Amino acid sequence: MRPLPKQYILLRGINGCIKELFATGERTCTLRLTDVYDYITHKEPFRTEFPTPESFSRFMRRMYDEGAVVRFIPNCHADTTVHHHYQWYFYPPARNVNRITVPEDKNEAVTVTCQNDMMPWGRRFVASNGVAVRSTQELHIINKLLSAKELVIFYERPLELGGHKRYPDFTIYNRRNSKQFYWEHFGMTGNAAYADEMVEKIRWYKRNGYNDIADGGSLIVTIYHDDNQFTTLTDKKIAAILAT
């Protein structure tokens, strides 16, 4: 059997270091490329192979473009919008989205039931508070929200602005600081019509003054790529709601 090329051996070693970093317990959510570099730069052969952050970044970009990164570092996603400055996200070992509510799911938040007749037959997944939602991804979000006793949760509560009515997936009120948030989740972006609708919905929020929570606003948007990315992103968004 032919030995692995050197660059693949390096990728496999980097993946092992990422696992080690998560295993320490110091990092439980997403790692960035700088986090990974700070950890491997004290280890051989990485200290010699990548003497600067720039050399490491160039190596990772080249390996990603060749399709090698996904083979050796599966819990990784790169935003390649800016070719010379990829945005890297490394996720913990596999985390799966539950298809049903499990006994560990808590019901600590306050729930307000919203009556609407928007495709009620599509709500097939029952959360820990008894509310039925439309997908396992929404089920994951609501069960995570319900574990926070500071929150009041509305599912598909109507929101009317400028003569148009929308039904945000979740309206969330933080009782501790009296702030309200609107959460829209998109799980079928492979469908062209659905993706177009997603873009238009986000624009509608922006036109009406609802900015992203990362910019100090009240809008939360999640897009599903895979279970690792989605579960990590959900935790991050809920942490932002509770921290504001």
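User: Which residues of the largest nonpolar core touch the most other members?

Analyst: This is a predicted model. Its largest nonpolar core has 28 residues, and those touching the most other members are Leu 11, Ile 14, Met 60, Ile 73 and Phe 90.

User: Which elements give two or more residues to this core?

Analyst: They are the helices α1 (6-23), α2 (33-40), α4 (53-65) and α5 (69-72), along with the strands β1 (76-79) and β2 (87-90). The largest share comes from α1, with eight residues.

User: What is Phe 90 in contact with, leaving aside neighbours within four places in sequence?

Analyst: Contact requires heavy atoms within 4.5 Å. The partners of Phe 90 include Ile 18, Phe 22, Leu 33, Val 36, Met 60, Ile 73 and Cys 76. Arg 32, Thr 30 and Asn 75 are also among them.

User: Which residues does the second core include?

Analyst: Phe 125, Val 131, Leu 139 and Ile 141 are included in this separate core of 24 residues.

User: Why is Cys 17 called buried?

Analyst: The label needs a relative accessible area under 20%. Cys 17 has 6% relative accessibility, so it counts as buried.

User: And what makes Cys 76 buried?

Analyst: The relative accessible area of Cys 76 is 12%. The cut-off is under 20%, so the label applies.

User: How many disulfides does a search of the whole structure find?

Analyst: It finds zero.

User: How much of the chain counts as buried?

Analyst: Of its 244 residues, 41% do. The chain exposes about 13,500 Å², with carbon and sulfur atoms supplying 51% of that area.

User: How many helices and strands does the chain have, and what does its C-alpha trace span?

Analyst: There are eight helices and eleven strands. Along the principal axes, the C-alpha trace spans about 65 × 40 × 40 Å.

User: What share of contacts between residues at least 6 apart in sequence join residues at least 24 apart?

Analyst: That share is 54%.

Conventions: Residues are numbered from 1 along each chain as its sequence is written. This is a predicted model: local features need pLDDT of at least 70, side-chain atom pairs count only at pLDDT 80 or more; totals for chains, interfaces and linings use all residues. Side-chain values use heavy atoms; hydrogens and water are left out. A disulfide is a pair of cysteine sulfur atoms within 2.5 Å. Buried means under 20% relative accessible area, exposed over 50%, partly exposed in between (1.4 Å probe, protein chains only). A nonpolar core is a set of buried Ala, Val, Leu, Ile, Met, Phe, Trp, Tyr and Cys residues joined through side-chain atoms within 4.5 Å. Helices (H or I, at least four residues) and strands (E, at least two) are DSSP runs, numbered from the N terminus. Accessible areas come from the Shrake-Rupley method with a 1.4 Å probe; for residues, only the protein chains shown count as cover.
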